[in-house]
Amino acid sequence: MTIQTIRLIQQYQPLLLGLLGWNVFSFLLMGLDKLKSVRGSWRIRESSLLLAAFAMGGLGCLLGSYAFRHKSRKLKFRILLPAAALVNVGVLLLGAYYLP
């Protein structure tokens, strides 16, 4: 890593930690919905899960889907969760390019 990269990471550390926290929350949200489906109780709306994914929690939702084997057979989630993760990476790359 270059010194410039290290300084950039230090400058945006709170933002990166927030992003990490949101992805952990999104991961756990998938696990909670799976638990609720197994128990037969009320569920988290699919739109809420997808919103969490597209609101910069794509990687967490995608990993949660695989880890908990949840929503992995639904075509909508098989397409939209990887798409959300790619959009999230694109936003991060654009931010890294355009932010000082």
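**Close-up views of a predicted model**

View 1. You will find Ser-65 in helix H3. Leaving aside residues up to four places away in sequence, Ser-65 touches Met-30, His-70, Lys-71, Ser-72 and Leu-81.

**View 2. Phe-27 and Phe-68, a tilted aromatic pair.** The structure holds 3 aromatic pairs. Here we look at the one formed by Phe-27 and Phe-68, whose rings sit 5.1 Å apart, centre to centre, with 45° between their planes. This pair links distant parts of the chain, its members being 41 residues apart. Phe-27 belongs to helix H2 (residues 13-39), while Phe-68 lies in the loop between helix H3 (46-67) and helix H4 (75-98).

**View 3. Leu-15, an exposed residue in helix H2.** Leu-15 is also worth a visit, and its place is in helix H2. Its relative accessible area is 57%, and because exposed means over 50%, Leu-15 counts as exposed. How far is Leu-15 from Asn-88, going by their C-alpha atoms? The two C-alpha atoms are separated by 14 Å, with Leu-15 and Asn-88 lying 73 residues apart along the chain.

Notes:
Residues are numbered from 1 along each chain as its sequence is written. This is a predicted model: local features need pLDDT of at least 70, side-chain atom pairs count only at pLDDT 80 or more; totals for chains, interfaces and linings use all residues. Side-chain values use heavy atoms; hydrogens and water are left out. Rings of Phe, Tyr and Trp (its six-membered ring) pair if their centres lie within 6.5 Å; planes under 30 degrees apart count as stacked, over 60 as edge-to-face and the rest as tilted. Helices (H or I, at least four residues) and strands (E, at least two) are DSSP runs, numbered from the N terminus. Contact means heavy atoms within 4.5 Å. Buried means under 20% relative accessible area, exposed over 50%, partly exposed in between (1.4 Å probe, protein chains only).
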